[in-house]
Amino acid sequence: MELKEKLLSSFLAFENQVDVDTYVHDIRSKAIKTFETKGFPNKMDEAWKYTSLNKILKEDYSVFSKEENALEYSDVKKYFIHDIDSYKIIFIDGKYSSHLSDTTHDGMDVCLMSAALTKPKYRLVIENYFNKAAKDDGLSALNTAFSKEGAYINIPKNKIAEKPIQIIHFSTGKESALMLQPRNLIVVGENSHVQIIERHQSLTSNPVLTNSVTEIFANKRAIVDYYKVQNDDQNASLIDNTYINQKQQSHVSVHTFSFGGKLTRNNLNFFQNGEHIDSTLKGVTIIGNKQHVDHNTLVHHIEPNCESHQDYKGIFGDNSVGVFNGKVVVEKEAQKTNAFQANNNILVSDKASINTKPQLEIFADDVKCSHGCTIGQLDESAMFYLRSRGIPEKEAKALLMYAFANNVLESVKIPELKKRINKLIANKLAVNIGFDL
Amino acid sequence: MLKIKDLHASVDDKTILRGINLEVKAGEVHAIMGPNGSGKSTLASVIAGKEEYEVDKGNIILEGENIGELEADERAHKGIFLSFQYPVEIPGVSVTNFMKTAINETRKARGLADMPANEMLKLIREKSELLEIDRKFLSRSLNEGFSGGEKKRNEIFQMAMLEPKLAILDETDSGLDIDALRIVANGVNKLKSKDNATIVITHYQRLLDYIIPDFVHVIHNGRIVKSGGKELALELEEKGYDWIKEEVGA
């Protein structure tokens with residue numbers, strides 16, 4: 001049976017597990033119909049021209065994990081930023097692990113989507129925010145239809161979350177192939193501030209396909225710093241659909257570190273609903289083998305006096321493929337917009353490729369919009385300079401690549417995370433030189 | 001220390017060096033002068049091991065070992081240092097980070113452990129004082145936005161850190177005002193010992209007022225056409241290069 005058919009028929013089984021007489025289930029029912037109509041994207045869709053899901057969709061995925069699987073912290077500690085105090089919302093094969101998690105209801109809610117979707121006390125928030133930012137493309141609709149579990153974070157007004165929140169989705173490989181559809185909702189109140197780290201980690205080489213949807217709502221003057229660490233197993237694929245709705249004077253940044261996985265597609269969408277909004281999108285991609293990473297970004301400037309900053313760096317080795325499609329829309333009312341976009345790439349192998357496409361749609365006349373993309377090799381004169389000082393070829397290359405990617409790291413506000421990313425980059429470049437000196 | 005025998009080299013099939021012979025002994029300072037395009041900088045790059053240059057014939061021998069086939073970093077490990085005419089800007093790598101990597105990679109190649117951090121700091125402090133370099137300067141990105149003088153001072157600072165056996169200064173005086181020239185020359189002179197040697201490549205005699213050479217060689221058309229003592233540099237300053245071209249019948 002094809003995956004689409006399987007998913008459609010699984011929806012009936014899914015309905016036996018959830019309360020169908022609810023506000024949320026009406027949304028799910030609509031969404032499954034949307035998915036039935038639209039299905040999975042294919043290469044005929046302009047936005048999927050360079051990324052094909054065909055091979056990945058051929059696996060015989062279990063749509064739900066049959067069992068509750070457990071993990072010991074000591075076995076998975078290395079996937080946590082463990083040297084700092086943090087809240088943790090941890091899932092194993094799509095199911096919540098209370099054992100590994102550290103949630104709170106003390107002055108704010110850092111807990112589970114399954115609770116938020118079913119308990120009356122969350123109803124108002126759910127009705128106000130759930131599925132209000134997500135688009136109804138096939139993949140997002142599919143996630144909405146099966147939305148049941150994920151992270152739920154609600155920070156009320158005037159609150160600074162003093163610890164970062166880590167959201168980690170583990171897959172154990174107990175199923176021979178598993179599809180996961182986590183659904184996250186993050187609401188940040190006026191003047192509030194939160195830092196979130198998200199990671200998907202497969203623990204075996206069994207295929208995993210994650211189709212996740214995250215909705216983030218940043219109210220007036222809220223500050224949200226979101227970090228996505230994508231360093232998954234060779235057979236794990238991720239389609240990350242993130243929708244960010246910003247109100248006036250809010251600052252939201254999303255850093256995406258893509259170092260692993262089979263196929264990774266990031267659909268990152270910002271909507272600016274207010275003035276003096278600042279949106280930051282940064283990414284470092286370092287991949288090799290046959291890995292594929294696709295960044296598809298949208299910044300929708302709707303009101304005047306807002307800024308957006310996009311800076312994506314990519315280093316591609318072996319037969320890897322990179323895609324960057326950055327769309328910036330500036331509406332007629334959005335005067336004095338300042339939108340910046342850069343995508344710089346280095347190809348370190350003749351067989352690697354990158355497709356990069358800036359897409360600007362500007363309807364206002366008093367704006368500053370810039371974009372630039374480059375594709376290059378490492379500078380030979382810089383290589384000679386480093387080597388003439390005794391730095392061998394491999395290390396010199398690594399140093400130049402590190403330097404190339406470095407400015408994206410500068411804006412990471414959690415020092416331990418920055419250190420960890422530094423280490424991941426050094427590992428990825430297969431060198432043993434300390435970068436964070 | 002260094003023996004160059006009948007060295008021919010080309011870049012992109014264009015022959016530039018046509019039979020260079022040169023011997024530099026420990027403790028000596030040699031100046032190599034010559035008009036633009038004569039092959040001075042090519043000689044420097046070929047000794048340092050720049051890949052684009054093809055050695056067509058001849059040998060480069062450092063302390064009895066033929067280094068002509070070694071990579072640039074391997075030559076650096078053997079004690080060759082090139083002060084660049086145009087140091088390359090490398091955004092994102094601080095001067096300190098760069099120096100630490102260079103020193104520890106060199107030590108690794110020589111079978112030594114990494115230099116302990118406190119020792120490294122002490123060395124950096126000592127050598128930056130020698131070149132009158134502000135500490136803040138060391139945390140800046142390598143050569144990025146440096147003035148001409150800062151770049152050259154930074155080159156000699158690197159030389160001081162790496163303590164090479166053979167230092168080649170390629171047009172180190174270009175772009176320097178008189179104060180920077182004095183600081184750079186002073187640094188070079190302080191680093192001189194009976195165990196190391198220096199090759200100063202320059203178009204003008206000016207630098208040689210500060211770094212006094214034992215020998216002066218004139219390159220023309222890829223060959224050394226005249227050698228002499230330090231007075232040869234003064235003669236060139238006074239009369240220009242044309243009389244040499246006439247003398248060698250070029």
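**View 1. Where chain A meets chain B.** Here 18 residues of chain A are in contact with 26 residues of chain B, two residues being in contact if their C-beta atoms, placed from the backbone, lie within 7 Å. On the side of chain A that touches chain B, helix H8 (380-387) and helix H9 (393-409) each supply at least two residues. H9(A) gives the most, with 6 residues. By class, this side of chain A has 10 nonpolar, 5 polar and 3 charged residues. Ala, Val, Leu, Ile, Met, Phe, Trp, Tyr, Cys and Pro count as nonpolar, Asp, Glu, Lys and Arg as charged, and the others, Gly among them, as polar.

Before the next views, a word on the model and its labels. This is a predicted model, in which local features need pLDDT of at least 70 and side-chain atom pairs count only at pLDDT 80 or more, while totals for chains, interfaces and linings use all residues. Residues are numbered from 1 along each chain as its sequence is written, and chains are lettered from A and ligands numbered from 1 in the order in which they are written.

View 2. Helices (H or I, at least four residues) and strands (E, at least two) are DSSP runs, numbered from the N terminus. A residue is buried if 20 or more other C-beta atoms lie within 10 Å of its own, exposed if 12 or fewer, and partly exposed in between, with C-beta atoms placed from the backbone. Ala151(A), Ile153(A) and Ile155(A) point one way, and Tyr152(A) and Asn154(A) the other way. In a regular strand the side chains alternate between the two faces of the sheet. Strand E3 (residues 109-112) of chain A runs antiparallel to E4(A), joined by 4 bridges; two strands pair if DSSP finds at least two bridges between them. Cys111(A) has Tyr152(A) as its bridge partner. Strand E7 (residues 183-188) of chain A runs parallel to E4(A), also with 4 bridges, and Asn154(A) is partnered there by Val187(A).

**View 3. The two sides of helix H7 in chain B.** Leu232(B), Ala233(B) and Leu236(B) are buried in this helix, residues 231-239. Strands E3 (29-33), E11 (215-220) and E12 (223-228) of chain B are among what covers the buried residues of H7(B). On the other side of H7(B), Glu231(B), Glu238(B) and Lys239(B) are exposed. Gly240(B), with a positive phi near 75 degrees, follows the helix.
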